[in-house]
Structures are given as C-alpha cells and as structure tokens.
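Visitor: I have just opened this one and have not looked at it before. Could you walk me through it?

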Amino acid sequence: MLGPNITAPGAATLRIRPPRDTGLTHAEGTVWTQAGTVGVRWSTTAHGTAVKVDIPVNVTAEVQVPLVGGWTPEVRGAGPDGASAPRFRGVRGGYAVYTVDSGHSTFTPAA
C-alpha cells in the first residue's frame, strides 16, 4: 500500500507509486531495503494525492504521483547536500513522474 518497489540490485533504484482508488485516504510507513530505510507517506485530498518520501543516501527513486484534473503537483525537495531537487520526467498513465535523489521530497496537489 505504500508503493515502493526495488528496481535494481542492492536497491540502488526504486519506484514509488502510491495506489489509486483503493478506498484508503492515507498510508505512512517505512520499508527496509539493502541500501537503507525508505520512508513514504501519502494522503488523498480534494485536489489529489500528497506524497512525501525519504530516500536513503546513494539511492535514486522514480516517484509517480497520481494526477487529478491534469494538474501537476507542487514539488519540493533537497538532498543531504541541499542541491538535489526532484526532476519532472513527464506524465505516464495518469501519474506525474519524477526522478528523486537521496533526501526528503514532497509533492503537494495543486489547488
């Protein structure tokens, strides 16, 4: 229900894709990987899904954020060095797709 999947050996890359239409309004937790602990929190609002992720050092994640009404979310993030920010890769299957390096990132639905 949290959405993380390991996509490379040693958990060097992950894909985080919160589910759609599950009837749940939120989920939060951590998932242990070989590269460290991944934190994921998501919640649905009237404007879409808010997602927060914590990615371990030396890990890259593809974060897929469900879209509502075609609006891409407001994005914030910074890695341990303060320079890493999520990079928008496009829209795929009703999800806004971002590449995220280690650190904390948030995706907030557009109002």
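This is a predicted model: local features need pLDDT of at least 70, side-chain atom pairs count only at pLDDT 80 or more; totals for chains, interfaces and linings use all residues.

Visitor: What box do the C-alpha atoms fill?

Guide: Taken along the principal axes, the box is roughly 35 × 30 × 20 Å.

Visitor: And how much of the chain counts as buried?

Guide: Of the 111 residues, 40% count as buried, while the accessible surface of the chain comes to about 5900 Å², with 52% of that belonging to carbon and sulfur atoms.

Visitor: Which residues have the most contacts inside the largest nonpolar core?

Guide: That core has 20 residues, and the ones with the most contacts inside it are Ile16, Val53, Ile55, Val63 and Phe107. Two or more residues each come from strand S2 (13-16), strand S4 (36-45), strand S5 (48-55), strand S6 (60-66) and strand S9 (95-100).

Visitor: Why would nonpolar side chains be found together like that?

Guide: In soluble globular proteins, nonpolar side chains tend to be buried together.

Visitor: Take Val63, then. What is Val63 in contact with?

Guide: If neighbours within four places in sequence are left aside, Val63 is in contact with Ile16, Val51, Val53, Ala96, Val97, Tyr98, Val100 and Phe107.

Visitor: Switching to Pro66, is that residue buried or exposed?

Guide: Pro66, which is found in strand S6, counts as buried because its relative accessibility is 7%, and the cut-off for buried is under 20%. Pro66 is 29 residues from Tyr95 in sequence, yet their C-alpha atoms are 4.4 Å apart in space. Beyond neighbours within four places in sequence, Pro66 is in contact with Pro18, Arg20, Thr49, Gly94 and Tyr95.

Visitor: And Gly90, where is that found?

Guide: Gly90 is found in strand S8, which covers residues 87-92, and at 18% relative accessibility Gly90 counts as buried. Not counting residues up to four places away in sequence, Gly90 touches Tyr95, Ala96 and Val97.

Visitor: Last topic: how many positive and negative side chains are there?

Guide: The protein chain has 9 positive and 7 negative side chains, and the centres of these two sets lie 5 Å apart.

Definitions and conventions:
Residues are numbered from 1 along each chain as its sequence is written. Side-chain values use heavy atoms; hydrogens and water are left out. Buried means under 20% relative accessible area, exposed over 50%, partly exposed in between (1.4 Å probe, protein chains only). Accessible areas come from the Shrake-Rupley method with a 1.4 Å probe; for residues, only the protein chains shown count as cover. Lys and Arg count as positive and Asp and Glu as negative; His and the chain ends are not counted. The place of a charge is taken as NZ of Lys, CZ of Arg, CG of Asp or CD of Glu. A nonpolar core is a set of buried Ala, Val, Leu, Ile, Met, Phe, Trp, Tyr and Cys residues joined through side-chain atoms within 4.5 Å. Helices (H or I, at least four residues) and strands (E, at least two) are DSSP runs, numbered from the N terminus. Contact means heavy atoms within 4.5 Å.
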